[in-house]
Amino acid sequence: MGKPPISIAFIWHMHQPIYTEPGSAMALLPWTRLHAYKDYADMALWCEETGFPATFNLVPCLLDQIEGYAAGTLTDNHLELAKIPVENLSEEDRAFIVRNFFAANEENLINRFPRYRELFLKRGPAGMVDSARMAGLFDDREILDITVLHNLAWFGEHLRKDPEIQELMIRGRDFTEEERALVLEKGRQWIASIIPLYKRLWFEGLIELTLSPYFHPILPLLCRTGSAIDADPSTPMPREILRAPGDAFHQIKRGLERFEELFGRRPIGMWPSEGSVSEEILPLLKDTGIEWMI
């Protein structure tokens, strides 16, 4: 007699921390935007194309950032520099671009574009070139190509199927300012499609959505710092012991409210940040509608 089938749930955890300081609309790092280009929609679209039933855990503070980039109310220094006409860039701006716009996996992203790899090899290791020399290392046309190729390299497989994007990718060099603006707008539009895509697939029943507490805190530690000792008695502890179960509950409650604002309903599953659980967090879930945790 064969063994009984095993029920397996595939769960993808989507999370980026908040990269802005309080009251600022400028993200200090571009990772939310770049991963929104490359990963978030592609994962859901592959589920739709194959009929694969998966669960996606979406952290509310990530959803806030996706919504901000889609609406143009959130930006980052990389994005703003890519909007400035090359001839108007300062020496400091040019050095920043040369130092930071090759932040991509060399084998899978940079090497897909011969021109991008050529410029990457010309720069060499970022730490080996001082900023003044870096600023003068590339001419205006090369700087323009770097800013375009950096964004194209991060575009995911589905976004690359856009006919206008395909045309630019095939040419791969000698871009214009207008073409760069087109690339950035295509990226913004793509980010704007992410939340509606997840909502549609969730309501159609193909995928399930779950959430984490709003800002991704470690709930047991927020309830009681000493819970770290429950897991490992040798854990070094701070002098001040935090007990803030009210804050932990607020993170759950606010996350559910934000989820409902964006998707029109609340999830019944939750991935506590880093999979961290304790008996102290269980009472916080009473009357929240959360039926299961990972």
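Entry 1, the cavity. A cavity, as I use the word, is a set of grid points where a 1.4 Å probe fits but cannot get out, and its lining residues have an atom within 4 Å of a point. I am working with a predicted model.

I looked for cavities of 30 Å³ or more, and the count came to one. The largest cavity holds about 30 Å³ of space. Which residues line the largest cavity? I listed Met14, Tyr40, Leu58, Leu62, Leu63, Ile66, Ile194 and Tyr198. By class, this lining has eight nonpolar residues, with no polar and no charged ones. Next I sorted the lining by helix. Helix 2 (60-71) and helix 10 (194-204) each supply at least two residues. Helix 2 gives the largest share, three residues.

I then turned to the largest pocket, which has about 160 Å³ of space. I found 13 residues lining the pocket, and the closest to its centre are Tyr69, Gly72, Leu79, Lys83 and Arg188. Which helices each supply at least two residues of this lining? They are helix 1 (31-50), helix 3 (77-81) and helix 9 (177-192). Helix 9 supplies the largest share, four residues. I also checked the classes: the pocket lining has six nonpolar, two polar and five charged residues.

I located Asp174 in the loop between helix 8 (163-171) and helix 9. Why does Asp174 count as partly exposed? Its relative accessibility is 35%, and the partly exposed class lies between buried, under 20%, and exposed, over 50%. I left aside neighbours within four places in sequence and looked up the contacts of Asp174: Arg141, Asp145 and Glu179. I also took the C-alpha to C-alpha distance from Asp174 to Ser193. The two are 19 residues apart in sequence and 29 Å apart in space.

I looked up how helix 1 and helix 7 (residues 140-154) cross. Their axes come within 7 Å and cross at roughly 55 degrees. Helix 1 and helix 7 are therefore oblique to each other, since roughly parallel needs an angle under 35 degrees and roughly perpendicular needs 65 to 115. From helix 1, the contact uses Trp31, Arg33, Leu34, His35, Tyr37 and Lys38. From helix 7, His150, Asn151 and Trp154 take part. By class, I noted four nonpolar, three polar and two charged residues in this contact.

Definitions and conventions. Residues are numbered from 1 along each chain as its sequence is written. This is a predicted model: local features need pLDDT of at least 70, side-chain atom pairs count only at pLDDT 80 or more; totals for chains, interfaces and linings use all residues. Side-chain values use heavy atoms; hydrogens and water are left out. On a 1 Å grid over the protein atoms alone, a cavity is a set of points where a 1.4 Å probe fits but cannot get out, and a pocket is an open set with protein on both sides within 12 Å along at least five of seven lines; lining residues have an atom within 4 Å of a point. Grid points are joined across faces, edges and corners, and a volume is the space filled by probe spheres set on the points. Ala, Val, Leu, Ile, Met, Phe, Trp, Tyr, Cys and Pro count as nonpolar, Asp, Glu, Lys and Arg as charged, and the others, Gly among them, as polar. Buried means under 20% relative accessible area, exposed over 50%, partly exposed in between (1.4 Å probe, protein chains only). Contact means heavy atoms within 4.5 Å. Axes are lines fitted to C-alpha atoms, for helices over the stretch in contact, and angles run from 0 to 180 degrees between N-to-C directions. Angles under 35 degrees count as roughly parallel, over 145 as roughly antiparallel, 65 to 115 as roughly perpendicular and the rest as oblique.
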